[in-house]
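Here are a few notes to read alongside the model.

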Amino acid sequence: MSGTNIAVVVAPELADTPATPKKKKKHGIPAKYILGAFVLGALFGYVFPSYGVAIKPVGDAFIKMIKMVVVPLIFSTLTVGIASTGDFKKVSRIGGKALIWFTFASTFALVLGLVLANVVKPGTGVELIQLAAPDSAGKAAPAFRSTTDLILAVIPTNIFEALSTANLLQIVFFSCFFGLAITAIGEKAQPVYRFMEGLAEIMFEITGYVMKVSPFGVFAFIAWTVGKYGLALVIPLGKLVLTLYLSVVIFVVLILGTACFFMRLNPFQVLRVIKEPLLIAITTCSSEAALPLLMEKLEKFGIPKHIVSFVLPTGYSFNLDGAALYKCMALMFIAQMYHIPMDLQTQLSMILFMVIVQKGSAGVPGMAFIGLSAGVVAFNLPMEGLFMIMGVDRILEMGRTGTNLAGNAIATFIVARWEKELPDDVIQAGYQKDYS
């Protein structure tokens, strides 16, 4: 029995356990509460701006509570998902298919954002006091982050350091090896497997407690945003905001809609499944805040746990479609404001640079803006233009974060269908379930 594959021993028991879905069912918060908190927060911040700014710590507390569970949740669920798969070739196949889709979707998003920036030219017509732009403005700096550096950065030198710093990419890397090792050892590793399985359930339970206060966190974040920046903030940079949201619509219709069509998925039903985590992500500007609930909804729909727990955490590092739409567009916006020409070669270099630097970014507030800062430095653009965008970054981040989450949810559906682990009858049964 010592040579028995652990997946064979464990999987039937997991399938026969009725308690798991019952525990997870109570984690959801009705979408009407989240939407109501969004509307009330906006009104409160507009009518009482000073108080709206003052209650930001409530939102900060909500995000910190979510971050408290994200790292152990990803580590435990991904390890259990890999170990329960029990097949190295299958894990490699799932990961390969996920990476193919991630690369295609994020690259298309970068190109789409760049094309719209050239067509709409959101940075034109902006009146600025002309500053002395450096002679090298618009040219790539020599210190590119190489692909070799990226690959080496994925491998943790100390897993405890990766866990303490919430380095999701390194955690995903280690979790894959950890889960495969559990599978390879077999029966002797069952205690470790059971421990990780229990840890995942505990973290989901803690997440349930945290999600009960999510409307208060949403209310505080929106009240702070409106109270600090005001509703009229969009006007000076309205073209940039509208261009980004236009790119979001085009991306969703062309890429996500087309993917649903070929995979025979109803995009409106898929949206119904993910609406609650989507609202949380948009209002808090944090994909991490919605991760536990999104995992729960996709599993409840019928997507196998090992696919959900593998594709979603990996997508949070490799598939930030909303951020990809934004980054090249924002760099072009700054160049247009300062009348800095950007030739085709430079723009292609911009795409390559952003493809590299966005890998490994966690779905937390401000990560897209941090990546944009790297682009400003790399192409020697005036930093003052970056500071201007900061005024509306919160509004832009709502669209980016929502697209990130939707893209990763669709990617999970695609991989499950591609693996033939989400048959038509399961899909039809999933459409009939209540996700409120």
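The points below go through the core, the cysteines, the aromatic pairs and the charges over rings.

1. Please keep in mind that this is a predicted model. Its largest nonpolar core has 119 residues, and Ile303, Val311, Leu381 and Ile389 are those with the most contacts inside it. The most to this core comes from helix α5 (residues 56-85), which gives 13 residues.

2. Leaving out residues up to four places away in sequence, Val311 touches Ile94, Ala98, Phe102, Ala411, Thr412 and Val415.

3. You will find zero disulfides in the structure. Cys176 counts as buried because its relative accessibility is 15%, under the 20% limit. Cys260 is also buried, at 1%.

4. The aromatic pairs come to 12. One of them joins Trp101 and Phe104, a tilted pair with 5.7 Å centre to centre and 50° between the planes. Both residues lie in helix α6 (residues 88-120), three residues apart, or about one turn of the helix. Trp101 is buried at 12% relative accessible area, whereas Phe104 is partly exposed at 44%.

5. Phe174 and Phe178 make a stacked pair, because their planes lie at 25°, under the 30 degrees cut-off. Helix α9 (residues 168-185) holds both, four residues apart. Phe174 is partly exposed at 26%, and Phe178 is partly exposed at 26%.

6. Do look at the cluster too: ring pairs link Phe44, Phe48, Tyr51 and Phe219.

7. Finally, the charges over rings. Lys56 lies over the face of Trp224, 5.0 Å from the ring centre, and Arg400 lies over the face of Tyr326, at 4.1 Å.

Conventions: Residues numbered from 1 in each chain as written. Predicted model: local features only at pLDDT ≥ 70, side-chain atom pairs only at ≥ 80, totals over all residues. Heavy atoms only, no water. Disulfide = S-S within 2.5 Å. Buried < 20%, exposed > 50% of the residue type's maximum accessible area, 1.4 Å probe, protein only. Core = buried A, V, L, I, M, F, W, Y, C linked by side-chain atoms within 4.5 Å. Helix = DSSP H or I, 4+ residues; strand = E, 2+ residues; numbered from the N terminus. Contact = heavy atoms within 4.5 Å. Phe/Tyr/Trp six-rings, centres within 6.5 Å; stacked < 30°, edge-to-face > 60°. Lys NZ or Arg CZ within 6 Å of the ring centre and 35° of its normal.
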